[in-house]
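Here's a quick walk through this structure, from the overall fold down to the ligand surroundings. Have the model open while you read.

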Amino acid sequence: MIPKEGWTPEFPPELVALFREEGLEVAGIAPAEPAPESAEEYGRWIAEGKHGSMGYLAEHAPMKFHPDTLLPGCRSIIVAALNYYQEASWRRADNLAAPARGRASNAPQYAPADRDSADEPAPLGPSNDPASRPAAGRIGHSNHATAGRIARYAWGRDYHKVLGKRLRRIVRKLGEQFPGESFRSFTDAVPLAERYYAERAAIAFTAKNTLSISSDFGSWFLIGEILSTKHFPSSEDARDRHGACPTNCTRCIDICPTGALYAPHRIDASKCISYLTIEHKGEIPVELRPKMGNWLFGCDLCQEVCPLNVRAQQTGVSDFLTVKAGESLELREVLEIENDDEYTRRFAGSPLMRAKRRGLLRNACIAAANTGAREILPLLRRRAADADPIIASHAQWAVEQLEGGGGETADG
Ligand code: B12
Ligand code: SF4
Ligand code: SF4
């Protein structure tokens, strides 16, 4: 269960002030200790090939649980959490479940929170199952078979920029305040096990869906950190405040369409839709394509069904609220992008830049086949002759699926 009591962390006031000036809160401080057992577990995960084509994860292995390899003499890791939650229009419209009692109207409408950890959570939630899948549209985009979904963290501006520049400014100020000490900031694609150190810093616990879940705002937050040679008091003792997954809950594992989450706390990243649509640059294995539903960029299913996300709070970060890609994109709009320049003009500043034109158009072909979007067959045929061989082969596959009657409709 997630305890209801508030918690007032006691961080050094000078640190709190520096973070607040940047619109961030110090979420926690971890001792910068190595974690040999976790490093071993990680090594096994890499050896089993669960990282797929993310070669950088293998290269990161010697550093991942050894902060002093990133900053010699590192003694503390100051962790920041940035809440990016905003409610989806399909959830506002679908009224999937009654709002949890006592929650603000912008809270996600999941079943009651704060269950005992042995409780069975109430059934709810969207899935890739056409019978319960949310419509893909957003305001201004109709909810039909020709739209593809975007993971929530990518609706607005790229968080690497949003969080990264704030942390870098704090690092500069820390350097001025503590001359003789060294500081270095990181977020995401860095050789540090962020969720492990987030847990050590007591900002969250690591859940069965492998994500960090906080009692303050569920799993809808991003992690950034500052490594420091100056010692700050650790907040590790407060770890218990985040609780744990309910013992019998397996919703995230049950909903995962590709079987990427194959056991509690275990992920085969090479099957995750987030990996397939964002990180993986080549051909998507044919057997996984029909399982990807209408996800264009990332996947949120294992968070959307999580009962602990009843704690989600609307973000106040304007960079996230600014619509860049938004909740969904018309597949036609994506498939009409002719070249990289056009792609950059459309998505500059958005996380979608990571997929590049090749990745997003490839994903749009799969979403078109999966949603039975026959009305865009002519456009798919045009893309089957695209100069990019990955786009061309996926478009050809989509044409065959649609002409052969494969694919399902968005509304079942
Ligand atoms: C590679 C990566 C991915 C991969 C792999 C995901 C994964 N679960 O590992 C892919 C591309 C699939 C991915 C997807 C997503 N990602 Co990602 N990703 C990363 C990245 C860069 C590295 C993670 C990694 O190394 N994974 C490999 C696993 C094995 O290692 P680990 O998690 O670091 O370490 C754990 C294990 O070693 C384990 N462990 C240790 N000892 C033992 C012992 C036993 C017995 C067991 C079982 C486990 C165990 O505990 C450690 C802590 O959890 C991190 C940033 C970072 N630098 O950490 C972001 C990060 C994890 N991603 C993030 C996000 C937001 C996502 C998505 C939600 C995006 C989306 N909507 O599409 C999805 C979520 C999918 C999911 N269920 O995880 C956030 C998560 C924030 C949060 N609240 O948890 C992070 C932290 C980025 C950030 N800076 O905010 N991601
Ligand atoms: S993000 Fe989607 S595909 Fe990846 S583990 Fe979660 S439910 Fe499975
Ligand atoms: S859905 Fe998954 S992560 Fe959420 S409480 Fe259930 S088991 Fe834990």
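Let's begin with how the chain folds back on itself: among contacts between residues at least 6 apart in sequence, 77% join residues at least 24 apart. Keep in mind that this is a predicted model. The protein has 412 residues, and 47% of them count as buried. Its secondary structure comes to 15 helices and 11 strands.

One helix pair to look at is α1 (residues 13-21) with α5 (residues 159-177), whose axes come within 10 Å and cross at roughly 145 degrees. The crossing of α1 past α5 is right-handed. On the α1 side, Glu14, Leu18 and Phe19 make the contact, and α5 answers with Ile170, Lys173, Leu174 and Gln177. Sorted by class, that contact has four nonpolar residues, one polar and two charged.

Now for the ligands. Ligand 3 is surrounded by 13 residues, and the closest are Ala207, Cys245, Cys249, Cys252 and Cys306.

Around ligand 2 you'll find Cys256, Cys272, Cys299 and Cys302 among the residues, along with others including Ile255, Thr258, Ala260, Leu261, Ile267 and Ser274. Two helices, α8 (273-279) and α9 (301-304), each supply at least two residues of this ligand 2 shell.

Here is how the two shells split by class:

| Shell | Nonpolar | Polar | Charged |
|---|---|---|---|
| Ligand 2 | 10 residues | two residues | no residues |

Definitions and conventions:
Residues numbered from 1 in each chain as written. Chains lettered and ligands numbered in written order. Predicted model: local features only at pLDDT ≥ 70, side-chain atom pairs only at ≥ 80, totals over all residues. Near = placed C-beta within 6 Å. Helix = DSSP H or I, 4+ residues; strand = E, 2+ residues; numbered from the N terminus. Nonpolar A, V, L, I, M, F, W, Y, C, P; charged D, E, K, R; others polar. Buried ≥ 20, exposed ≤ 12 C-beta atoms within 10 Å, placed from the backbone. Contact = placed C-beta atoms within 7 Å. Axes fitted to C-alpha atoms, helices over the stretch in contact; angles between N-to-C directions. Left-handed = near helix turned anticlockwise from the far one by under 90°.
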